[in-house]
Amino acid sequence: MHKPLIIGHRGAPNTAPENTFESFDNAFALGADGIELDVRFGDGGSLVIKHDPPLPGEELPDFLSFLKKYSDKLLNIEIKADDDDAQAVGYAVAEALAAFEGCNFIISSFSKTALIAFREKSKFPIGLLCRAGTINAVEQAVSMSADYIHPHFSLINRKFVKAARAADLPINTYTVNSLFTMRRLARMKINAIITNDIPKAKKI
């Protein structure tokens, strides 16, 4: 059976708090091929690693420190942004990655504005995230010249895979924690599975 890449969702959140260095280290120790993480603006406009908006005074992992530690790894960096700061976050992430040219990074987001801004300033590949129920997901990714498509696993069927392949869009899907679903997706030869359960994914 085809073996998709295994990407730890925010590290290995079943073993340590998500989006922390401990969680990231654990993901690689468990055999993940790469990790997914969230980056957004923190207090003062610095880039920090956090899924939800930071709480006042909350101490969070610094994005640049993270990049220095894991620059030799496969990283799926998801840009988190609101409508009013999406362009600025996209530019800021591109600037932060300028010193890491040649690394194996994929930049993803639900925000087309953030991805378009990032693409203006950087050559790293981008992937459009698509929620469950998204209509014409492949067409949306093609329209913005994305390099990957990152759909919710419920969107994926043979018709979806055929359309993505015709558009030369490798599929990296989230967040898959059922071994049955992992194996179904592996049979369709998708590129990567983003999961909270790395040991289970290793059983594919």
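## Terms and basis

Two strands pair if DSSP finds at least two bridges between them. Helices (H or I, at least four residues) and strands (E, at least two) are DSSP runs, numbered from the N terminus. This is a predicted model: local features need pLDDT of at least 70, side-chain atom pairs count only at pLDDT 80 or more, and totals for chains, interfaces and linings use all residues. Residues are numbered from 1 along each chain as its sequence is written, and side-chain values use heavy atoms, with hydrogens and water left out.

## Overall build

The chain has eight helices and nine strands. Its C-alpha trace spans about 45 × 40 × 30 Å along the principal axes.

Of the 204 residues, 50% count as buried. Buried means under 20% relative accessible area, exposed over 50%, and partly exposed in between (1.4 Å probe, protein chains only). Contact means heavy atoms within 4.5 Å. Among contacts between residues at least 6 apart in sequence, 50% join residues at least 24 apart.

## Surface and charge

The chain exposes about 9,700 Å², and carbon and sulfur atoms supply 50% of it. Accessible areas come from the Shrake-Rupley method with a 1.4 Å probe; for residues, only the protein chains shown count as cover.

There are 24 positive and 24 negative side chains. The centres of the two sets lie 13 Å apart. Lys and Arg count as positive and Asp and Glu as negative, while His and the chain ends are not counted. Each charge is placed at NZ of Lys, CZ of Arg, CG of Asp or CD of Glu.

## Strand E1 and its partners

Strand E1 covers residues 5–9 and is mostly covered, with four of its five residues buried. E1 pairs with two strands described here. With E2 (residues 34–41) the sense is parallel, over three bridges. With E9 (residues 192–195) the sense is also parallel, over four bridges.

Ile-7 takes part in both pairings. Its bridge partner in E2 is Gly-34. Gly-8 has Thr-195 as its bridge partner in E9.

## Strand E9

E9 also pairs with strand E8 (residues 172–173), in the parallel sense over two bridges. Here the bridge partner of Asn-172 is Ala-192.

In a regular strand the side chains alternate between the two faces of the sheet. Both faces of E9 are covered. Ala-192 and Ile-194 are buried on one side, Ile-193 and Thr-195 on the other.

Arg-10 sits in the loop between E1 and helix H1 (21–29). Its relative accessibility is 15%, so Arg-10 counts as buried. Beyond four places in sequence, the contacts of Arg-10 include Glu-18, Glu-36, Asp-38 and His-51.

Glu-78 lies in strand E4 (residues 74–79). Glu-78 counts as buried because its relative accessibility is 6%. Leaving out residues up to four places away in sequence, Glu-78 touches residues including Glu-36, Asp-38, Ser-108 and Leu-129. Gly-57 is 21 residues from Glu-78 in sequence and 23 Å away in space, C-alpha to C-alpha.
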